[in-house]
Amino acid sequence: MQEKRENSKEDPVSTIGLSDSGGSAHVMAKRAREVSDYLVAVSRISAATSGLTDLNAILPIVLNTTLSLMDGVVGGIMLLDNETGMLSYCVHHGLSDKYTTEMRLRPGEGVAGQVAQSGRPILLDDISSNPNAARLDLITTEGIKAFVSIPLRARDNVLGVLNVGSHRARHFTTEDLHLLGTIGDQLGIAIEHARLYERLAKARERYRQVARQVLLSQEEERKRVARELHDETSQSLTGLALTLQVLIQSAEAAGVRESEFKATLERAHSLTVQISSDVSRLIANLRPTLLDTLGLFPAIRRYAETNLGPLGVNVYVEAEEATSPPEEVEVGLFRWAQGAIGNIMQHSEARNVTISCKREDDELVLRIRDDGRGFNVSEITGVEETGRGAGLFSMKERMSLLGGHCTAESRPRHGTVVTARVPIFWSTADAKDTRTGSG
Ligand SMILES: Nc1ncnc2c1ncn2[C@@H]1O[C@H](COP(=O)(O)OP(=O)(O)O)[C@@H](O)[C@H]1O
Ligand SMILES: [Mg+2]
């Protein structure tokens, strides 16, 4: 392999990087062209491996670039399957389907299998006469002679091999080996990155599904508790208040003089009325019945007015979009607004709040702005142990479950703006329904 050879017409690649390639202008120019081809190829491969995360896109680019540089050769990329432990072709060029489907190797088996096992490249002038080759029948039918197999390594693991072959016996040089080795190392890392990326994307998708399930079942559970509170607890409390009222009247009619007894009855009665109204408020918070009666935007507006009004906060409405999204979207946006309004009540010390709901292109944009004390958004990077951050997190999560997103902009002493954007996929033709006017 180290043997020095004269530059030959049949083997242009072999001159790349050779220091003794002669002094003639012709040879110099040729060499300059080859070095430039080499650089172009390496930069193309770098761009593909760093800019893309999808193996189906990366592998063909790397293979085709490598083969075009190697000048009229055949080849392919074989990857090790994690489950079966077998090495098989993922992409190939110039090889028959029979060859690429039947050439499946265990690590250690055949030339490519040895490369995968040892992590060291193998260069052969003629594989068809090599005793280590596996499936010589396939190799002979394919007419492969010269053969190079390069490991695709990521850290200490070999993930597969890059094979380059030729239909005639030829000599691959140390320059070829260096070039292919560089490509192999780059590709190995790219494959590992692509796989990590894929695992991350899958994990994120699973997490999304769980989060979605949690939010949906939370909503179901809230509905159930609200129904039970309404049908059972509320009715019983009303009954109890009536009974106490009757008792008070009977005591009066019977001329009971014991004033402490009467006072106790009256206290029990007003306590019952109080509990009953607390339960009604609980029901209203658990289940946005406002949505059913008013529709999305008027319900948000009413919620803001009834909660912020008593605190002396002015609520302004900039624009309202008449729209009837599907229930999932409606409930999601309403809960999102409840989160934003809750934060204003709890943290903002605002005097004025403006709520707007507009259509921007194909998105519904709901925005809630306050002129309160604001906060440093970059401080809230996750959910703290105290639970701080959980509100904003679930507001964001709700929006991404609807295919949209949520942003919060704020600075200390400069108020806060939270915005929800949801893609409009529902029909808005019937948006001007009867509910919109009643807000
Ligand atoms: N409208 C707002 N005005 C001022 N500060 C806010 C506002 N909204 C959120 N914040 C700040 O962001 C933090 C995180 O909010 P959130 O995730 O809802 O958690 P929590 O309300 O439980 O603290 C709050 O603790 C508060 O400091
Ligand atoms: Mg909060």
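The model is predicted, so local features are described only where pLDDT is at least 70, side-chain atom pairs count only at pLDDT 80 or more, and totals for chains, interfaces and linings use all residues. Residues are numbered from 1 along each chain as its sequence is written, while chains are lettered from A and ligands numbered from 1 in the order in which they are written.

Let's begin on the inside. In soluble globular proteins, nonpolar side chains tend to be buried together. A residue is called buried if 20 or more other C-beta atoms lie within 10 Å of its own, exposed if 12 or fewer do, and partly exposed in between, with C-beta atoms placed from the backbone. A nonpolar core is a set of buried Ala, Val, Leu, Ile, Met, Phe, Trp, Tyr and Cys residues joined through C-beta atoms within 7 Å. The largest such core here has 44 residues, and Val62, Ala112, Val161 and Leu162 have the most contacts inside it. Among the elements that give two or more residues to this core are α1 (25-51), β1 (74-80) and α6 (174-253), but α2 gives the most, with 7 residues. Helices (H or I, at least four residues) and strands (E, at least two) are DSSP runs, numbered from the N terminus. Another core, of 33 residues, lies apart from this one, and Leu296, Phe334, Cys357 and Ala420 are among its members.

Now look at α4. Its buried residues are Gly110, Val111, Ala112, Gly113, Val115 and Ala116, and they pack against β1, β2, β3, β4 and β5. Two residues are in contact if their C-beta atoms, placed from the backbone, lie within 7 Å. Leaving aside neighbours within four places in sequence, Ala112 is in contact with Met78, Leu87, Leu105, Ser149, Val161 and Asn163.

Next come the helix pairs. Axes are lines fitted to C-alpha atoms, for helices over the stretch in contact, and angles run from 0 to 180 degrees between N-to-C directions. Helices α2 and α6 pack at about 170°, with their axes 10 Å apart. That makes α2 roughly antiparallel to α6 (angles over 145 degrees count as roughly antiparallel, under 35 as roughly parallel, 65 to 115 as roughly perpendicular and the rest as oblique). Leu55, Ile58, Val62 and Thr66 of α2 meet Ile183, Leu187, Ala190, Ile191 and Ala194 of α6.

The pair α10 (residues 327-348) and α11 (residues 390-401) packs at about 160°, again with axes 10 Å apart. Here, too, α10 is roughly antiparallel to α11. On the α10 side, the residues in contact include Gly332 and Trp336, which meet α11 residues including Gly391 and Met395.

Finally, visit the loops. Most residues other than glycine have a negative phi, and most peptide bonds are trans. Which phi does Arg135 have, positive or negative? Arg135 has a positive phi of about 50° although it is not a glycine. Arg135 sits in the loop between β3 (122-124) and α5 (136-142), and it counts as partly exposed because it has 16 C-beta neighbours inside 10 Å. Arg413, also not a glycine, has a positive phi of about 70°. Its place is the loop between β9 (405-410) and β10 (416-423), and with 10 C-beta neighbours inside 10 Å, Arg413 counts as exposed.
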